[in-house]
Amino acid sequence: MESVLLFLFGIVFIVVGIGVSIGLHELGHLTAAKIFGVKVTQYMIGFGNTLWSRTKGDTEYGVKSLPIGGYIAMIGMFPPGPDGKQPRRGRLAQFIDSARQSSAETVPAGEEHRAFYAAAPWKRIIIMFAGPFANLVIAVVVIGIIAVGVGIPSSIPVVDSVSQCLKPATSTSTTCTGADPVAPAALAGMQPGDRIVSVDGHRIGNDFQKASDLIGDAPGRQISVVVERGGQDVTLSMTPVLSSKTVYDAQGNAKVVKAGVVGFAFGQGNVRQPISSVPGAVGKQLSATTGVFLNLPNRMVQVWNAAFGSQQRDANGPVGLIGVGRLAGDVASNTQTPFVDRLEWLLSIVAALNISLFVFNLVPLLPLDGGHILGALWEQGKRWWFAAFRRGKKPKHVDMARLLPLTFGVVTVLIAMELLLAYADLVKPISAG
């Protein structure tokens, strides 16, 4: 029963996290729009039927029945079409004209100056960027809480295990033979649980890498290793043996090098980081998420092959809302993992979701925020061109309504992707372990 409740808690935690993220995303749009005088008629969390709403000033604030997104409604999203022309023929043209007409109907007489299209391009850019920027801020705050408050899971200068013999990193054997040299750590009496205080006279603190480097740089030379055991310092003498070991670079790539080894493994724990580490952590996650989106077609093919074939899901590949909820439930209900580690996992999911929302919404296609930003940039470019080379003439607004057919194509693709991810999350979910 406890595991079921914890599983549900994990799902609720993520649902609330997604709701807050969406709400703040739309609040970013809303705040910027009101600052620049654009009239906002609705601020809604979710889609479908309205469950609750209240009107304050020009804006109706509410919650809808399907909590899968949100939106704000600004008047005059599309500029009016050319005046004095006969209606164009063809379904596509009529559809575009209908969209323009619907947009025009949202603009009350005398409030044309408050329409979205009437705002200066730089103002429209800020309005549309404010939503994704809110998600970036959330991600920075959450990653900061993880790094500074909870700590990042990493190796710590505490002995996890001591080997009885030395084997090269390339060996697959797990048993000692007479041909294997005795491990210097075991010979010196090192024990699991020992916290390394200093190596060869250099204090270690929480820097496990410093301890590893000092040992690695002393093959064939006797060094003293001071460990804390039972509240007391114990000095051990050992001579590292030149052997092969696996090391990892800043990107997590492994390589085998020759260095001094003594035959023990570091433990794992949450290490609190300085606040100066947060920008780097955010940048690293932004880079990884951007890479996923740039390679999204290939990633979705992999999801398809996994869902309808024998391939396994890529643990670092895209996940749908069902998969995210399932991951959160699995993490929360894993009582074998300390609570702090489970909290770090859940917060990491929220941070990753907000990074994904930031990157995804800046894709330069309608109906995403990036599509509107691209349109405003194009219009600003036209204004600069006319000012430089066609003085005395003012360019028309960029007719974003012409892109609506492409918009519906994008929406269709997004729906198909979410359906595929939902199916894959059900039949072949990604495990949190």
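Of the 433 residues in the protein, 40% are buried, where buried means under 20% relative accessible area, exposed over 50% and partly exposed in between (1.4 Å probe, protein chains only). The model is a predicted one, in which local features need pLDDT of at least 70, side-chain atom pairs count only at pLDDT 80 or more, and totals for chains, interfaces and linings use all residues. Residues are numbered from 1 along each chain as its sequence is written, and side-chain values use heavy atoms, with hydrogens and water left out.

The protein has 11 helices and 10 strands, taken as DSSP runs numbered from the N terminus (helices H or I, at least four residues; strands E, at least two). The radius of gyration of the protein is 29 Å, well over the 22 Å that the globule rule gives for 433 residues, so the protein is more spread out than a compact globule. Here the radius is taken over C-alpha atoms, and the rule is 2.2 Å times the number of residues to the power 0.38. Along the principal axes, the C-alpha atoms fill a box of roughly 95 × 60 × 45 Å. Among contacts (heavy atoms within 4.5 Å) between residues at least 6 apart in sequence, 66% join residues at least 24 apart.

Buried in α7 are Leu-296, Arg-299, Met-300, Val-303, Ala-306 and Ala-307. Seen down the axis of α7, these buried residues fall within an arc of 120°, so they line one face of the helix; the arc is that of the directions from the helix axis to the C-beta atoms. Their cover includes α6 (278–294) and α11 (404–427).

Turning to the rings, a search of the whole structure finds 12 aromatic pairs. Rings of Phe, Tyr and Trp (its six-membered ring) pair if their centres lie within 6.5 Å, and planes under 30 degrees apart count as stacked, over 60 as edge-to-face and the rest as tilted. The rings of Phe-47 and Tyr-71 have centres 5.7 Å apart and planes at 20°, so this pair is stacked. Phe-47 lies in strand β1 (residues 40–56) and Tyr-71 in strand β2 (residues 59–74), so the pair ties together parts that are 24 residues apart in sequence. Phe-47 is partly exposed at 34% relative accessible area, and Tyr-71 is partly exposed at 23%. The rings of Trp-304 and Phe-308 have centres 4.4 Å apart and planes at 40°, so that pair is tilted. Both residues lie in α7, four residues apart, about one turn of the helix. Elsewhere, ring pairs link Phe-129, Phe-133 and Phe-358 into a cluster.

An unreviewed UniProt entry annotates residues 6–24, 133–152, 345–366 and 403–424 as "transmembrane region"; positions follow the numbering used here, feature names are shortened, and annotations may be inferred rather than shown by experiment. Residues 6–24 are 100% helix and 0% strand, with end C-alpha atoms 27 Å apart. Residues 345–366 are 77% helix and 0% strand, and their end C-alpha atoms are 33 Å apart. Leu-357, in helix α9 (residues 339–361), is partly exposed at 27% relative accessible area. Not counting residues up to four places away in sequence, Leu-357 touches Ser-21 and Asn-135.
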